[in-house]
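I opened the notebook to look up helices, ring pairs, backbone angles and surface in this model. Entries follow in the order I checked them.

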Amino acid sequence: MNTPDVLPQQRRENPDPQERSTPMPRLVLLLALVLVAFGIDYISHADVNSPSAWGDARTRAELVGDRPAAGQGVDGAAIYAAMCSGCHQASGQGLPGVFPPLAGSEWVVGKASTAAAIVLHGVSGPIEVKGQPFNGTMPAFAASLGDAEIAAVLSHVRSQWGNSAAPIPAELVANTRSLHADRSTPFNGGDELAQLP
Amino acid sequence: MSPLAILMSAFILSIVGLGFFIWSQRAHLTDPSTEGSEVIFAAGEIGTPEEPAAPLATRPAAGADDAELAARARADASTAPLVFFFYCCAFVWLLVASAAGLTASIKLHAPDWLTADAWLSFGRIRTVHLNAVAYGWAPMAGLGTALFVIPRLLKTELVGGRYALLGAALWNAALIAGLGSLAYGVSDGLEWLEIPWQIDLLFVAGGALIGLPLILTLRRRQVAHLYVSVWYMGCALFWFPVLFLVANVPGLHHGIEQATMNWWFGHNVLGLFYTPLALASIYYFLPKVIGRPIQSYNLSLLGFWGLAFFYGQVGGHHLIGGPVPGWMVTLSIVQSMMMILPVAAFTANQHLTLKGNLAALRHSPTLRFMCLGGLMYTASSVQGSFEALRSMNAVTHFTHYTVAHAHLGLYGFVSLVFFGAMYFVIPRITGRDWPWPRMISAHFWLASIGVAIYFVSLTIGGWLQGRAMLDESRGFMESVLLTLPYLKARSVGGAMMALGHVIFAAHFIRLLTARGASRRAQPASPFATAAEGI
């Protein structure tokens with residue numbers, strides 16, 4: 001290939017760079033030793049035996065937290081936000097025609113054992129709430145929530161949005177649970193609930 | 001054996017292995033006759049600092065003989081059209097990315113602005129910004145520079161430049177399609193990997209075609225010793241396709257493994273693609289401009305192999321606190337700290353090379369961009385190492401602090417270095433000099449002050465945000481609201497950077513359209529001499 005014209009820009013620049021073989025500065029070698037020592041130290045103190053599902057470097061104590069005695073101090077509002085508000089809404093108003101309201105609901109502020117039974121086993125079929133008919137399905141929470149948690153979330157909804165019924169103790173939930181121990185299906189609408197003792 | 005013993009022995013063995021490997025490279029490659037390092041020089045060539053202030057006519061040619069000049073001219077002639085295409089694309093994506101980034105930044109403190117169009121919503125325009133930088137500006141500028149430098153260092157012409165041209169066309173078509181699909185709302189949903197995998201096939205094909213000429217040219221090289229820049233650039237062209245292909249195979253990664261892969265890719269694409277391209281540019285242009293050899297081949301070896309070895313394992317520090325195995329996170333933290341070693345080697349090498357030659361900074365915009373970029377490499381790398389420690393990560397993770405760190409690396413370091421490289425290369429591939437050296441200064445100061453405002457404000461804001469989020473007594477919204485003044489400052493810094501880019505692009509267009517701008521036809525003007533160093 002013919003040599004193209006050399007541009008003035010190419011002519012005026014310095015030659016291509018090269019490297020000298022100067023020895024490595026001692027400081028860099030020292031730094032290497034310090035870093036390797038740090039690595040060995042860090043690894044030897046690392047917690048690598050916890051199950052990874054707990055999250056990196058988390059201990060059992062940290063995850064359990066200072067859990068209060070049963071029933072006392074379980075955060076009903078947090079359970080409501082996580083498990084209930086998807087249907088009944090944060091406002092407790094439900095969705096008209098689809099999900100019944102909890103605010104002012106006769107089922108919520110009514111008999112405590114019936115309210116506990118609803119949360120434990122769910123409801124399927126027609127039910128009338130505050131004069132409005134609903135016909136849907138509420139899931140059962142007997143398997144996923146403990147007595148103290150159900151008591152806390154019921155006490156929470158019974159005290160919110162203008163409701164002012166008495167709190168429900170965990171013992172009452174436990175009693176209701178044993179009463180319906182052999183039930184495996186949801187309650188069949190408002191009619192069956194109304195006949196509960 | 002316990003996991004701890006396995007982890008510890010693997011770490012120690014690999015460090016010993018790395019040390020032995022570097023030593024063997026050193027012992028094998030360095031001939032007592034130093035023939036290895038002289039082979040890239042024509043006889044009688046000794047680098048002398050340029051005297052940039054001297055009028056052109058009286059300046060001696062910088063010590064290159066005719067054979068050297070002819071090889072240089074041939075190498076440049078073989079790459080000029082190709083590099084020109086890469087750089088034109090880089091300019092376009094730089095402007096697109098700046099506009100998208102600035103829009104996203106303003107939206108964070110003015111959320112009611114531009115809400116009518118879905119594609120302008122924050123979630124999409126921020127993603128467009130990231131992808132326009134990650135797959136547009138940075139690779140186009142970096143690969144263009146690599147294609148320019150490699151034939152020069154191998155003393156040969158580029159072989160197979162047509163493949164690279166086709167590859168670049170495919171790559172840009174893929175990026176247009178990718179950004180379009182992101183703006184339309186179609187995304188793979190993984191950060192750094194948002195572009196749908198169907199489009200990624202085009203990137204893979206384009207990237208392979210761009211890498212092909214490197215292999216072909218390496219086989220035709222006229223030098224025995226590969227200069228350090230070639231190591232970095234060659235490896236970047238090899239590493240990126242591996243990363244990108246593995247990360248984008250559909251249906252291969254699920255759940256926690258997908259998150260692990262996501263940050264293996266996200267971090268490595270920075271450290272094993274953009275970083276080596278930019279470091280190679282510094283290794284080439286810094287000694288080139290000041291006319292002095294790089295201080296120490298030993299330090300170059302340590303810097304290169306340290307980066308290659310440690311970097312691949314550091315991505316796990318993005319998952320600190322997550323449900324991933326403890327050994328993996330621990331190893332990634334240790335290797336993040338070990339990265340201080342190659343960074344220190346690079347910094348020492350550049351510092352010792354530059355020592356006593358700082359006067360050249362006054363004359364050479366290229367050197368100014370390179371030096372500031374190199375300093376920002378040191379700063380962002382050391383900051384990143386400490387950010388990986390669990391104690392610091394607990395505060396900074398999920399805050400704007402991380403965003404500031406990312407921009408210190410990808411803008412303060414990589415982009416500034418590419419700016420400097422482009423100021424040097426464009427006159428060589430077009431045969432025209434930059435017409436308005438003052439605009440280079442304007443670009444430099446807007447970019448550097450802009451990124452300084454950006455970094456400082458977001459670092460402070462992000463740290464306060466992290467502290468507020470850890471404080472149980474303060475509501476979450478408090479941690480959001482307290483960042484507002486810092487987000488506004490970030491928009492100011494970002495606007496300065498974007499203005500600098502507009503000036504850069506306008507200057508480039510002026511260079512192309514100016515009549516008689518060729519240096520041959522022009523008398524040396526006082527402004528022109530100020531830009532001699534590029």
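In which helix of chain A do Phe38(A) and Tyr42(A) both lie? I find both in helix α2 (residues 26-44), 4 residues apart, about one turn of the helix. Helices here are DSSP runs of H or I with at least four residues, numbered from the N terminus. An α-helix has 3.6 residues a turn, so residues three or four places apart point the same way.

Ground rules first. I am reading a predicted model, where local features need pLDDT of at least 70, side-chain atom pairs count only at pLDDT 80 or more, and totals for chains, interfaces and linings use all residues. Residues are numbered from 1 along each chain as its sequence is written, chains are lettered from A and ligands numbered from 1 in the order in which they are written, and side-chain values use heavy atoms, with hydrogens and water left out.

**Ring pairs.** I counted rings of Phe, Tyr and Trp (its six-membered ring) as paired if their centres lie within 6.5 Å; planes under 30 degrees apart are stacked, over 60 edge-to-face, the rest tilted. That rule gives 40 aromatic pairs over all chains. The ring centres of Phe38(A) and Tyr42(A) are 5.5 Å apart with planes at 40°, so I logged the pair as tilted. For cover, I took buried as under 20% relative accessible area, exposed as over 50% and partly exposed as in between (1.4 Å probe, protein chains only). Phe38(A) is partly exposed at 24%. Tyr42(A) counts as buried at 17%.

Next I looked at Tyr135(B) and Phe244(B), an edge-to-face pair with 5.8 Å centre to centre and 70° between the planes. This pair links distant parts of the chain: Tyr135(B) is in helix α4 of chain B, Phe244(B) in helix α7 (residues 228-248), 109 residues apart. Both Tyr135(B) and Phe244(B) are buried.

**Helix α4(B).** I noted a kink of about 40° centred on Val133(B). The bend at a residue is the angle between axes fitted to the seven residues ending there and the seven starting there. Of the 33 residues, 28 are buried, so α4(B) is largely enclosed by the rest of the structure. Lys155(B) follows α4(B), and its phi is positive, near 55°.

**Helix α13(B).** The 23 residues of α13 reach 32 Å from first C-alpha to last, close to the 33 Å expected. α13(B) is mostly covered, with 17 of 23 residues buried.

**Positive phi in chain A.** Gln89(A) is not a glycine, yet its phi is about 70°. I place Gln89(A) in the loop between α4 (76-88) and α5 (106-109) of chain A. Gln89(A) is partly exposed, at 24% relative accessible area. Trp161(A) has a positive phi near 55°. Trp161(A) sits in the loop between α7 (147-157) and α8 (170-179) of chain A, partly exposed at 26%.

**One last contact.** Gly190(A) lies in helix α9 (residues 189-194) of chain A. Gly190(A) is buried at 9%. I read 6.3 Å between the C-alpha atoms of Gly190(A) and Pro126(A), 64 residues apart along the chain.

How values were computed: Helices (H or I, at least four residues) and strands (E, at least two) are DSSP runs, numbered from the N terminus. The expected span of a helix is 1.5 Å times one less than its number of residues.
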